[in-house]
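This briefing goes through one chain by topic. Please look over the sequence and the model first.

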Amino acid sequence: MFDTFKNRLQITGKLTTITALRISAGRSSEPIGSDLPVIKDALGNPLIPGSSFKGAMRSRLESFLRGIVGSDRKLVANPANEEEWSITSQEMKQLKENFDNDEALTAEIINETDLISHLFGSPWIASKFQIRDLTVNPEYWFGQYQERDGVAIDRDTETAADGKLYDFQVVPAGTVFDFKAIVENAESWELGLLMIGLHQFETEQIPLGGGRSRGLGVVKLEIDKMDWIDVENDPEKLLTYLQELVSNHTTDHLPSYADGKQFKDIWTHDLITYLRENIARHSTIVQPNS
């Protein structure tokens, strides 16, 4: 359930571009400047939307899980196609007709929700995982945008299409962005799923933005801190945490926090155990006769 505070993991770090990054703001209508500028904040500095980071991680984790538990939409949904959602609109309508008690309905929705959506959210349940927009670190940014040329290729002639020359803007390699993410009320196996996703960014396995076939968008995440607090079934600990929040006027450096990095292996182990249990329950593989 989402109405009782149980735990919180706050992750901070840096995301560095290993190759140039192109997250386009769309085609520009300005007479001067790049045809395809990058997304910028109100000060004109580059910005990586948290949704871009989160979407790339979700897609990678979905591909991993399909390789483990198969393509059953009840285990791994496709958010881009409603027919492949774990709960379609029609099925949700039926659930609401079947359950007139909100608590029972919520429990059934969670029970029917696919594995990824437990953490990342769906049209029917809120996400437990939030990522702030990644803003550029001012110590490493001096307005050094780069312009590159592009051309659309005619598939029939395999040559440059007439009038299809354009230029696009990129953020250069070596640019550093500040990273902050928060997870609340997550189960241990869901935190294990998150650890897998973060590790993919730590090892430069998930590119961001456009032009990835050209080698653009390779990034590396470096996690500085994982502040973890678990207050489930411990009201006194929650009271102490709340007092610290008010006294410090911030969620950073609170005495109640534990170092979440020490739990990474435990969370990952719990994920593996949980997935194996799901394979046992949902496997459709026909075993050969002995």
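In which loop does Asn233 lie? Asn233 is in the loop between β8 (219–230) and α6 (235–248); helices (H or I, at least four residues) and strands (E, at least two) are DSSP runs, numbered from the N terminus. This is a predicted model, in which local features need pLDDT of at least 70 and side-chain atom pairs count only at pLDDT 80 or more, while totals for chains, interfaces and linings use all residues. Residues are numbered from 1 along each chain as its sequence is written, and side-chain values use heavy atoms, with hydrogens and water left out.

**Whole chain**

- The chain has 7 helices and 9 strands.
- Of its 290 residues, 39% count as buried; buried means under 20% relative accessible area, exposed over 50%, and partly exposed in between (1.4 Å probe, protein chains only).
- Among contacts in the chain with a separation of 6 or more, 70% are between residues 24 or more positions apart; contact means heavy atoms within 4.5 Å.

- Asn233 has a positive phi near 60° although the residue is not glycine.
- The relative accessible area of Asn233 is 75%, so Asn233 is exposed.
- Asn185 also has a positive phi, of about 60°, and is not a glycine.
- Asn185 sits in the loop between β7 (176–184) and α5 (188–202).
- Asn185 counts as buried because its relative accessibility is 6%.

**Helices α2 and α3**

- Two packed helices are described by the angle between their axes and the distance between the axes.
- The axes of α2 (residues 89–98) and α3 (residues 102–112) come within 9 Å and cross at roughly 145°; axes are lines fitted to C-alpha atoms, for helices over the stretch in contact, and angles run from 0 to 180 degrees between N-to-C directions.
- The crossing of α2 and α3 is right-handed; a crossing is right-handed if the near helix is turned clockwise from the far one by less than a right angle, and left-handed if anticlockwise.
- Met92, Leu95 and Lys96 of α2 make the contact with Leu105, Glu108 and Ile109 of α3.
- The residues of this contact divide into 4 nonpolar, no polar and 2 charged; Ala, Val, Leu, Ile, Met, Phe, Trp, Tyr, Cys and Pro count as nonpolar, Asp, Glu, Lys and Arg as charged, and the others, Gly among them, as polar.

**Cavity**

- The structure holds 1 cavity of 30 Å³ or more; on a 1 Å grid over the protein atoms alone, a cavity is a set of points where a 1.4 Å probe fits but cannot get out, and lining residues have an atom within 4 Å of a point.
- The largest cavity has a volume of about 40 Å³, a volume being the space filled by probe spheres set on the grid points, which are joined across faces, edges and corners.
- Its lining consists of Leu21, Ile23, Val38, Ile39, Pro46, Leu47, Ile48, Val171 and Phe177.
- The lining of the largest cavity divides into 9 nonpolar residues, no polar and no charged.

- Ser117 is in helix α4 (residues 115–120) and is buried, with a relative accessible area of 2%.
- Leaving aside residues up to four places away in sequence, Ser117 touches Arg58, Ser122 and Ile125.
- Ala181 belongs to strand β7 and counts as buried at 1% relative accessibility.
- Not counting residues up to four places away in sequence, Ala181 touches Leu9, Gln10, Ile11, Phe129, Gln130 and Ile131.
- Ala181 and Gly50 are 131 residues apart along the chain, with their C-alpha atoms separated by 8.9 Å.

Conventions:
On a 1 Å grid over the protein atoms alone, a cavity is a set of points where a 1.4 Å probe fits but cannot get out, and a pocket is an open set with protein on both sides within 12 Å along at least five of seven lines; lining residues have an atom within 4 Å of a point.
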